[in-house]
Amino acid sequence: MNTLERDLRLEMLNSLLTTPHRELGKVAEVHKMMVELDPIFYGHLAVWYQRHGDVRDHKEVFVGNLLTSSLNEHRGAGFMMLQEFPPYQVARIVDFMKQHQQKLPRSARTAVRRYLQEREKNAAFFDRAAVRGRKAMKHLYASLHIRPSDRANAVLFKDAPPEDSLAFALKQLAKAETPQAQAQLIAEHKIPYTVAIGAVKEVTPEVLMALVNAMSPQEVINNLKSLQARGAMENAEVKVLIDAKLTEAATSDRVSAFKAMKAAGVANVDDATVAQLEQVVNEQVKKRGKITKSTALFVDKSSSMTEALEVGKQIAALISSISEGNLFVYAFDTKAVEVKAQGKALSDWEKAFQKLFPDGCTSIGASLEKMRQNKQSAEQIIIVTDEGENNAPFFNTVYPQYCEELKVLPNVIIVKVGNHSNHLEKQLQQSQVSLETFTFAGDYYSLPNLVPLLSRPSRLELLMEILETPLPVRVDN
């Protein structure tokens, strides 16, 4: 891999990891650039991200682009990858191809037909998909003119589900007169929370017990705020069930660190539950890799940098749990102060940062100068800032002195926040410092994307890992 090719691919990877989710236009634009510049790398990156990434929009656009690619191996990979999605995402992928690619190739239609037929083969599998994703399933059959099986037709289009179907059980749930009868139906058929909650007449502790029992750990996390609003956390027996699901979530392969992080921030729950959610985040992030290099985190606390402090504590909590090397955390304005937490959880870092307030001018180099004086060696430096450095010591001046005295050459990652400039990065580029940037646009879901950048011994190794990820090959039944 030559230098130009390597740098281009690194730029593509950085663009992928820092594009905000829920902005499909920006996501599609980034992917269009990547697939045009380097289609071979794009295919491997798609499969790698399917395994290691979390942002739904990226996964959907990857598969949509593969299915509409001119390369046979891309279309085959997209065909097989599509089979792994839930119905609502398959519907989104189809709509993406129609709206953004202006086409839906025959192989893509065949992939969706295979998807639906595989679910029709297993009544229980189909029923659960149809109840959870009824609108999406109907959309796929109707918009692609795919003939449904008799059972699919009865459940989705005739609204006359057979008596052994989950859809029929849902109808019975709506008719049930007592909470006991409703709880029994939920428990017996494991009716999903999101559809059951609209059908029950009264949410009693007995009904809540049945609902939580039927939920997966991810569903409990997704609906924690709703459960809280319905009094689930105040009932001791229900709370025990929720705690058990959260304990299971920490080691589950089907739980998103993003969702747990969001739930910890928005659900008005007790400290013990917050601690459990933080443990879920920590355990799920650990699966992304471990940071073996000594790392420094510099957080801007100059005037108007409230957001930098919030992002900084989130990053500190995120990486401290997976850092095997030293981790040094400093907050700076014109002076730097070392920040130390008593533990690795977000609550520990909340306490460590609670006495820090944004004020004063900005010397990004103050933290590095403090580390130079303390002989603290770091192989990589993360700086959370708007880059508005206006006071000495300047980072670009201290950096070569630090490298010479401590015999290191740390890579620098700038996490841009607020109304940021490119002042510091221009200086570092001119000095040929190894540099990457990560733009934080208010999307806390994006922060775990830093882990792949920090956990590999080198960027080249990360690229090689992606290139060595094989594309799945289409297998016809």
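Mentor: Buried residues account for 54% of the 477 residues in this predicted model. The secondary structure comes to 26 helices and six strands. A compact globule with 477 residues would have a radius of gyration near 23 Å, and the protein has 25 Å, which agrees. Along the principal axes, the C-alpha atoms fill a box of roughly 75 × 55 × 35 Å. Of the contacts between residues at least 6 apart in sequence, 72% join residues at least 24 apart.

Now to the crossing itself. Helix α3 covers residues 39–52 and helix α26 covers residues 459–467; their axes come within 8 Å and cross at roughly 95 degrees. Angles from 65 to 115 degrees count as roughly perpendicular, and α3 and α26 are therefore roughly perpendicular to each other. On the α3 side, the residues that take part are Phe-41, His-44, Leu-45, Trp-48 and His-52. They meet Leu-462, Leu-463, Glu-465, Ile-466 and Leu-467 of α26. Sorted by class, this contact has seven nonpolar, two polar and one charged residues.

Leaving aside residues up to four places away in sequence, His-44 touches Ile-466, Leu-467, Thr-469 and Leu-471. Two of these names, Ile-466 and Leu-467, are also in the list of α26 residues that meet α3.

Next, the charged pairs. Side chains of opposite charge can pair when their charged atoms come close. The count of salt bridges comes to 24. One of them joins Arg-151 to Asp-127, with the closest N and O atoms 2.7 Å apart. This pair links distant parts of the chain, with Arg-151 in helix α10 (residues 150–157) and Asp-127 in helix α8 (residues 123–132), 24 residues apart. Asp-127 has a relative accessibility of 5% and therefore counts as buried.

Another salt bridge brings the side chains of Asp-159 and Lys-171 together at 3.4 Å, N to O. Here too distant parts of the chain are linked: Asp-159 lies in the loop between α10 and α11 (166–175), while Lys-171 lies in helix α11, 12 residues apart. Asp-159, at 45% relative accessibility, counts as partly exposed, and Lys-171, at 32%, counts as partly exposed as well.

Asp-476 and Arg-474 also meet through their side chains in a salt bridge of 2.8 Å, N to O. With 33% relative accessibility, Arg-474 counts as partly exposed. Elsewhere, salt bridges that share partners join Arg-56, Asp-57, Glu-60 and Arg-92 into one network.

To finish, look again at helix α10, where Phe-157 is found. Phe-157 is partly exposed, with a relative accessible area of 35%. Residues up to four places away in sequence aside, Phe-157 touches Lys-138, Tyr-141, Pro-148 and Ala-152. Phe-157 and Arg-134 are 23 residues apart in sequence, and their C-alpha atoms are 9.9 Å apart in space.

Definitions and conventions. Residues are numbered from 1 along each chain as its sequence is written. This is a predicted model: local features need pLDDT of at least 70, side-chain atom pairs count only at pLDDT 80 or more; totals for chains, interfaces and linings use all residues. Side-chain values use heavy atoms; hydrogens and water are left out. Axes are lines fitted to C-alpha atoms, for helices over the stretch in contact, and angles run from 0 to 180 degrees between N-to-C directions. Helices (H or I, at least four residues) and strands (E, at least two) are DSSP runs, numbered from the N terminus. Angles under 35 degrees count as roughly parallel, over 145 as roughly antiparallel, 65 to 115 as roughly perpendicular and the rest as oblique. Contact means heavy atoms within 4.5 Å. Ala, Val, Leu, Ile, Met, Phe, Trp, Tyr, Cys and Pro count as nonpolar, Asp, Glu, Lys and Arg as charged, and the others, Gly among them, as polar. A salt bridge is a side-chain nitrogen of Lys or Arg within 4 Å of a carboxyl oxygen of Asp or Glu. Buried means under 20% relative accessible area, exposed over 50%, partly exposed in between (1.4 Å probe, protein chains only). The radius of gyration is taken over C-alpha atoms; the globule rule is 2.2 Å times the number of residues to the power 0.38.
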